[in-house]
Amino acid sequence: FNKVKRTTETTMADLIAFAGSEAIESFGGPKSVVQLGKLDPSKGATLPGSNQYPDLFGTQRSGQDIVSQFVSASLNERDIALLFGAIGAMERVLETRVQEEEEEEEENEMGDKTVFIPSSFGAPSEIYGESIGKMDQTIFVDAMADIKSKRTPKFAAFGDEGVAKWVAKYSDKKGGFLKDLPYAYGRLTSLGTTYTGGKIDALLGTTDE
């Protein structure tokens, strides 16, 4: 970490936020603007909300419990729908990609599997590598089908009444899921952050007091 700090003048908080943004884009999601200059939290700093990491994917928590954790950290039902939707959409993309690769796997006459050689050519959007797939609103469509059939949706938070309204909106192709996702991601990565205001010494923690 110290080497990264010296050579890039960014913090670990910046790297995590940027990595998440790149992950979303690599799965065929939208670009998310990441504000650099976040100061890492001091040792022993409290977490937003109830000062504990909630179990967001466990089966022991109700949708309302999960939502209350987000709300206590100053996020809202719309953010919850978008962020869980992004996770679900990325999982679907990965599952589809793995299935396609398994189907395309062939053996040549020597009995060896074909080797994929990546190309340096491609669309401008793939300048840093090929996209794994394309995120869409299917996760919301499936969630609405579960809710209408009174089944538990993939993510318990989708069953919350307030979140379900946004799930219904984003289940429509014109609901704006991919358009609104960067907004929610920006709110998430801004929680509890302190910015340097462009002062590199403050960023690197080398200011004299």
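Predicted model: local features only at pLDDT ≥ 70, side-chain atom pairs only at ≥ 80, totals over all residues.
Phe84 and Phe158 are both buried, where buried means under 20% relative accessible area with a 1.4 Å probe and protein chains only. For Phe158 the relative accessible area is 0%. Residues are numbered from 1 along each chain as its sequence is written, and side-chain values use heavy atoms, with hydrogens and water left out.

Let me turn to the aromatic pairs. The structure holds nine of them; rings of Phe, Tyr and Trp (its six-membered ring) pair if their centres lie within 6.5 Å, and planes under 30 degrees apart count as stacked, over 60 as edge-to-face and the rest as tilted. Phe84 and Phe158 form an edge-to-face pair, 6.5 Å centre to centre with 75° between the planes. This pair links distant parts of the chain, 74 residues apart: Phe84 lies in helix H4 (residues 77-104), and Phe158 in the loop between helix H5 (138-148) and helix H6 (161-170). Helices here are DSSP runs of H or I, at least four residues, numbered from the N terminus.

Which kind of pair do Phe140 and Phe158 form? Theirs is tilted, at 5.7 Å centre to centre and 35° between the planes. Phe140, in helix H5, is 18 residues from Phe158. Phe140 is buried too, with a relative accessible area of 0%.

Finally, the cluster. Ring pairs link Phe70, Phe84, Phe140, Phe155, Phe158, Trp166, Tyr170 and Phe177.

Conventions
Helix = DSSP H or I, 4+ residues; strand = E, 2+ residues; numbered from the N terminus. Buried < 20%, exposed > 50% of the residue type's maximum accessible area, 1.4 Å probe, protein only.
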